[in-house]
Amino acid sequence: MKNLNILILIIAFGLFAKACDSSSSTSPIVPDDPTIVDVAAANEQFSTLVGALEQAGLVSALEAAGPFTVFAPTNDAFAALPEGTLESLTEEQLVDILTYHVITAEVPSGALQPTQTVTALNDQELFVTVNNGNVTVNGLSGVITEDITASNGLIHAVDQVLLPDAFNNIVENAQKRYFLSALVSAVVDANLASTLADADSDFTVFAPTNEAFDAIADVLPTLSPEEITNILLYHVLDTSVLSTDLQGEQTVTTLSGDDITVTVANGTVTINGTSTVISADNIGTNGVIHVIDSVLIPAAEDNTIPGIAAGNPDFSTLVDALVQADLVGALSGEGPFTVFAPTNDAFSNLPAGTLESLSIDQLTNILTLHVLAAEVASGDLAPEQTVTTLNGESIFVTFDGTTVTVNGNAAVTLADVQASNGLIHAINNVLLPDAFGNVVNNAQKRYFLSTLVDAVVSANLAGVLSNADANFTVFAPTNAAFEAIADVVETLTPEQLTNVLLYHVLDTRVLSSAISGEAVTVPTLLEGQSVTAQLVNGNVVINGSATVTEADVDGTNGVIHVIDGVLIPEL
């Protein structure tokens with residue numbers, strides 16, 4: 001009996017020793033200074049992840065010095081993928097997915113902001129939100145265990161596998177971006193999610209941010225469900241278009257049936273001239289998302305002059321100015337009108353800050369100078385003509401058989417755009433009323449003063465007469481007046497011609513209202529010589545011979561009175 005007990009003890013000890021050997025051969029040995037891979041390998045809930053890292057050849061990468069932060073999917077997270085997903089992946093696809101879970105920095109949960117975008121090891125972005133202490137990645141993967149420490153970084157266990165854009169449809173790629181939540185909600189409410197998730201389709205979505213929707217928060221409640229649906233479809237093309245496919249300017253039709261204009265300039269993509277692409281080429285399984293900074297609103301069927309201008313991105317600055325000056329309603333009226341419409345480039349030619357510095361009255365004065373209360377086609381224009389605008393001032397139009405020019409410096413670049421209430425002629429410079437020009441500017445824009453302007457330039461007097469601190473009166477002879485004494489002008493020396501010009505200028509501003517029936521003698525810039533001005537039968541007459549045909553062209557540094565004769569001093 002004693003021998004039997006000894007035998008039992010020997011067998012039991014042997015079994016215990018075998019069990020100990022078996023246990024030590026299957027349990028990982030955790031080093032004293034464990035890396036992220038070591039920590040994951042020692043935790044049974046990460047066994048699928050560790051196996052995937054080994055399969056993808058990423059173990060050594062995550063054993064490096066780092067630091068790294070790994071959003072580590074649990075076994076249950078991998079099990080939640082559609083059956084056969086892992087097995088169907090190429091090694092390259094598996095690497096793309098796994099490196100999408102890694103950040104090359106140590107980011108503890110306490111350092112996370114309520115919303116933030118971070119770049120993963122595969123160069124794609126992860127979208128992290130924190131709400132009441134709960135961390136979510138890409139909108140659906142919750143962090144279930146935070147801040148598991150390793151020697152080379154941190155692990156945050158997550159309950160869903162994170163998938164790069166290439167593995168999601170466009171609805172899923174919008175959903176994971178927290179800054180597109182307003183768009184996603186609108187798409188769901190409009191029952192468009194299933195349409196845009198269609199695996200057999202190929203879409204381009206211009207996706208407005210939450211801030212873009214906030215900017216029209218006062219408009220949205222006024223829209224019917226049908227109108228909102230139409231706006232959403234206005235952001236979608238039925239083909240996939242990458243930013244690299246775009247060149248210059250193109251017009252494309254959206255799912256709403258309305259067209260949008262896409263412009264590429266200096267590497268920036270703009271939609272309808274107002275909305276800028278801020279994140280391009282987010283490519284998914286059934287299309288691409290371009291994130292934009294404003295909501296696109298389809299233009300109502302408006303063929304009036306403001307409506308057509310609003311539909312052309314080249315006129316966006318003009319349209320904004322018309323809105324600011326409250327002139328849209330006036331130019332939407334029956335008309336007919338002709339509008340010389342400055343392009344965006346024309347407005348950009350103005351000195352910096354000009355538009356912002358204008359009062360509403362000044363802006364209105366400038367804009368109405370561009371409008372005629374009649375329909376005037378380019379074919380109706382004479383070589384030279386003066387026409388009165390809506391603000392009561394004249395503009396001066398010339399046509400050389402090829403180019404129409406307004407006020408001497410604004411060329412028509414696109415003529416005869418037909419609207420329901422008139423015509424648009426695009427021009428490359430903004431027209432400015434006399435009050436915004438000096439005496440040289442105001443002479444230059446009048447084609448019938450070109451001889452005088454040429455003489456002033458030849459005599460090097462343009463700089464003197466452009467002096468912003470001066471206050472002149474210029475009696476400006478017309479081209480016809482110079483032609484009448486052409487034989488005399490030809491005999492004048494340059495010095496004598498300069499004296500003739502100075503004889504037409506006073507060093508003070510004198511308006512016609514200051515001149516009465518009694519002759520007034522006033523000194524000119526020609527030293528020692530004066531002219532007389534007198535009101536005769538309602539007309540101002542200079543030196544008893546030259547009649548003022550256009551009075552009080554009042555500018556920034558003086559006034560011009562156009563006269564029909566050249567004044568000749570004692571030479």
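How many bridges join strand β15 (residues 337-342) to β16, and do they run parallel or antiparallel? Two bridges join β15 to β16, and the two strands run antiparallel.

This is a predicted model, in which local features need pLDDT of at least 70 and side-chain atom pairs count only at pLDDT 80 or more, whereas totals for chains, interfaces and linings use all residues. Residues are numbered from 1 along each chain as its sequence is written, and side-chain values use heavy atoms, with hydrogens and water left out.

The average pLDDT (the predictor's confidence in each residue, from 0 to 100) is 91 for the chain, and 94% of the residues score at least 70. Where pLDDT is low, the predicted coordinates should not be read in detail.

Strands here are DSSP runs of E of at least two residues, and helices are runs of H or I of at least four, numbered from the N terminus. Seven strands form an open sheet of mixed pairing, in the order β16-β15-β21-β20-β19-β18-β17; pairing requires at least two DSSP bridges. The strands β16 and β17 stand at the edges with a single partner each, so one side of each lacks a neighbour in the sheet.

The axes of helices α3 and α7 come within 9 Å and cross at roughly 130 degrees. Their contact involves these residues:

| Helix | Range | Residues in contact |
|---|---|---|
| α3 | residues 47-56 | L49, A52, L53, Q55, A56 |
| α7 | residues 91-99 | E91, L94, V95, L98 |

These residues divide into seven nonpolar, one polar and one charged.

Key. Axes are lines fitted to C-alpha atoms, for helices over the stretch in contact, and angles run from 0 to 180 degrees between N-to-C directions. Contact means heavy atoms within 4.5 Å. Ala, Val, Leu, Ile, Met, Phe, Trp, Tyr, Cys and Pro count as nonpolar, Asp, Glu, Lys and Arg as charged, and the others, Gly among them, as polar.
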